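Dear colleague,

I am handing over a structure that may be new to you. Please find it below, followed by an account of what was found in it.

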Amino acid sequence: MGVRHRLPPKAAGDGDAPRVHASDASAIQASDALPLPIRHTNIFFSVLFMAALYFLMCRWREKVRASSPLHLLTLSEILAFVCLVASLIYLISFFGISYVQSSILSHDDIEEKVNVVESSQPPLPLHRFPPTAAMSIPPPSPCPLLAEISDAKILSVCPNDEDENIVQSVLSGEIPSYILESKLGDCRRAAGVRREAVRRMTGRAMEGLPLDGFDYQSILGQCCEMPVGFVTLPVGIAGPLVLDGLSYYLPMATTEGCLVASTNRGCKAIALSGGAQSVVLRDAMSRAPVVRFATAQRAAHLKSFLEDSVNFDTLATVFNRSSRFARLQGIHCTLAGRNVYVRFSCSTGDAMGMNMVSKGVQNVLDYLHSDFPDIDIISISGNFCSDKKPAAVNWIEGRGKSVVCEATIKEEVVLKILKTTVPALVELNTIKNLAGSAVAGALGGFNAHASNIVTAIYIATGQDPAQNVESSHCITMMEAVNGGKDLHISVTMPSIEVGTVGGGTQLAAQAACLDLLGVKGPNLESPGANSRRLATIIAGAVLGGELSLMSALASGQLVNSHMKYNRSSRDIPKAAAA
Ligand code: ADP
């Protein structure tokens with residue numbers, strides 16, 4: 001019988017940990033757990049057993065022939081008998097356990113394989129998890145619900161045999177998690193298998209994370225890799241926002257109590273004052289590669305070449321080949337020593353445009369090789385773009401849509417709806433949003449909470465929420481007008497990066513929110529009109545949000561309203577007492 005010794009188990013995350021495949025499971029024996037050199041012990045007891053048996057048989061035959069009494073034993077016979085019994089006990093317990101184990105294996109093969117794979121801690125094919133407390137707890141059983149639910153329910157919770165094998169292969173690293181969709185041809189099934197593998201690796205069941213009720217096909221190759229479920233967020237509606245003569249109901253995905261209610265109040269104040277007006281100053285997405293030359297002089301040559309208006313038409317033709325919607329608007333270069341940062345700006349129709357502009361930039365870089373063979377392209381993005389990072393270039397030059405939105409709020413609306421006064425709002429805006437932000441060294445943050453509204457609408461409408469960084473750049477201005485009676489309020493937002501096609505905008509829930517705003521998909525008559533409209537709606541919503549929060553601050557209502565909306569009713573007395 002082949003006897004193996006199990007290697008000592010390695011820590012979780014150790015890439016050299018021994019792999020034990022499911023197919024090896026049956027080869028592992030109970031004897032593997034014994035610390036002694038088993039092979040020698042087995043041979044010793046087998047030989048001892050045979051020798052003692054042979055000796056006693058010989059003695060028994062001699063006694064029968066000599067007709068001597070069998071029960072009278074000599075010392076050597078007693079010793080031989082003891083050896084026989086001892087070796088028999090050893091051999092029965094050793095081989096007997098193996099026999100029992102093999103019969104258990106044949107009855108519950110799958111369960112045994114799972115335990116073997118889990119206890120051997122093979123290299124993880126998915127992301128490694130840090131060795132947290134979760135990793136030090138005993139690995140979970142294949143299905144923790146077995147003891148708690150009926151057989152009928154087990155079938156719907158635990159993977160079937162075929163999926164069980166795939167889960168095992170993912171755990172062992174045989175099948176990389178990221179190819180499950182293409183291998184299975186069923187995105188929902190792939191998500192379920194991946195999730196089960198993650199559950200077994202982490203010991204966390206992710207019970208609150210829904211799996212069903214989502215179209216995983218719709219995100220394939222576009223929105224999210226290796227899905228295991230989806231996060232649910234409430235969507236509230238504020239409005240109507242009356243903007244440029246039209247009414248909009250604003251979808252806001254948020255978990256911040258008070259935000260939707262506050263925006264709603266601001267929209268009401270705007271509507272009662274005749275509505276807001278908006279203007280789009282600029283519409284251009286940017287991408288700035290960084291290239292290097294041997295000398296700063298050569299770098300300066302490239303800058304002159306790219307910024308010379310004589311070359312613009314040729315460069316635009318090359319750039320615009322990337323898409324029928326991409327139209328190069330300008331090139332702005334800056335140097336850092338012998339590195340050149342080239343900021344290309346282009347309109348992108350109704351797409352937010354990062355892909356489109358990147359393709360155009362690549363076209364131009366390829367083209368430049370003929371005139372500048374010594375060009376060294378360091379990266380297609382050199383951070384002068386600047387995407388998803390606070391940067392003065394976006395605040396000053398703009399990125400995406402640059403929008404101004406304004407309204408004149410009547411004195412009686414300020415008093416009745418906003419519960420404050422025009423002078424109080426004007427003074428607060430100066431001291432807080434302008435001077436306060438200056439004191440803080442703000443970059444584009446001359447506002448009360450533009451990012452709250454931007455992010456909530458971004459998530460609801462399938463925008464890239466990470467772009468809220470520059471999209472929330474905003475300066476809020478307030479002045480008393482009409483003889484000091486009414487309030488003129490405006491928000492100036494130079495970098496609203498939005499699209500109504502591409503990215504997450506095509507997902508069912510997000511598309512429904514865009515549809516609510518009347519800007520779903522491409523605008524066929526005037527490409528770009530939908531995304532610009534969305535940008536102005538967002539600026540209008542920010543206008544409402546600024547109006548309401550500033551009023552709450554001016555009148556000292558902020559804490560009270562947060563107590564009301566941010567805490568469940570049973571917590572209000574507790575909060576009030578705190
Ligand atoms: P992004 O650059 O925002 O990630 P993509 O460039 O990936 O977006 O997606 C835009 C896609 O939508 C392109 O393939 C483009 O041809 C197509 N498209 C269709 N209609 C329009 C439109 N009106 N404006 C912009 N793109 C459009």
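Predicted model: local features only at pLDDT ≥ 70, side-chain atom pairs only at ≥ 80, totals over all residues.

Leaving aside its neighbours within four places in sequence, with which residues is Ala-299 in contact? They are Phe-293, Leu-335, Gly-337, Arg-338 and Val-340, where contact means heavy atoms within 4.5 Å.

Residues are numbered from 1 along each chain as its sequence is written, and side-chain values use heavy atoms, with hydrogens and water left out.

Overall picture

The protein has 21 helices and 11 strands; these are DSSP runs numbered from the N terminus, with helices being H or I of at least four residues and strands being E of at least two. Of its 578 residues, 44% are buried. Here buried means under 20% relative accessible area, exposed means over 50%, and partly exposed lies in between, with a 1.4 Å probe and protein chains only. Among the contacts with a separation of 6 or more, 72% are between residues 24 or more positions apart. The protein has an accessible surface of about 28,900 Å², and carbon and sulfur atoms hold 59% of that surface. Accessible areas come from the Shrake-Rupley method with a 1.4 Å probe, and for residues only the protein chains shown count as cover.

The ligand and its shell

The ligand is surrounded by 13 residues, the closest being Asp-350, Met-352, Gly-353, Met-354 and Asn-355; a residue is near a molecule if one of its heavy atoms lies within 4 Å of it. A nitrogen atom of the ligand lies 2.7 Å from a backbone N or O atom of Asp-350. For Met-354, a polar backbone atom is 3.1 Å from an oxygen atom of the ligand. An oxygen atom of the ligand also lies 2.8 Å from a backbone N or O atom of Asn-355. On its own the ligand has 560 Å² of accessible area, and the protein covers 74% of this.

By class, the shell holds 8 nonpolar, 4 polar and 1 charged residues. In this scheme Ala, Val, Leu, Ile, Met, Phe, Trp, Tyr, Cys and Pro count as nonpolar, Asp, Glu, Lys and Arg as charged, and the others, Gly among them, as polar.

Strands β5 (residues 327-336) and β6 (residues 339-347) run antiparallel and are joined by 9 bridges; two strands pair if DSSP finds at least two bridges between them. Cys-333 stands opposite Val-342 in β6. Between the strands of this hairpin there are 2 residues, and Gly-337 takes a positive phi near 65°.

Gly-337 is also one of the residues that Ala-299 contacts. Ala-299 itself belongs to helix α10 (residues 296-307). Because its relative accessibility is 0%, Ala-299 counts as buried.

Ser-551 is part of helix α19 (residues 529-554) and counts as buried because its relative accessibility is 0%. Not counting residues up to four places away in sequence, Ser-551 touches Arg-265, Leu-418, Thr-420 and Leu-425. Ser-169, in helix α6 (residues 161-172), is buried with a relative accessible area of 13%. Beyond four places in sequence, Ser-169 is in contact with Glu-174 and Ile-175.

Backbone details

A cis peptide bond, with omega about 10°, joins Gly-239 and Pro-240, and Pro-240 lies in strand β1 (residues 235-243). Cys-385 and Ser-386 are likewise joined by a cis peptide bond, with omega about 0°.

The loop between β7 (376-379) and α13 (392-397) holds Ser-386. Lys-388 is in that loop too; its phi is near 65°, a positive value in a residue other than glycine. Lys-388 is partly exposed, with a relative accessible area of 34%. Asn-482, which is not a glycine, has a positive phi of about 55° and sits in the loop between β10 (474-481) and β11 (486-496).

With kind regards

How values were computed:
Polar contact = N/O pair within 3.5 Å; in protein donor to acceptor, adjacent residues only side chain to side chain.
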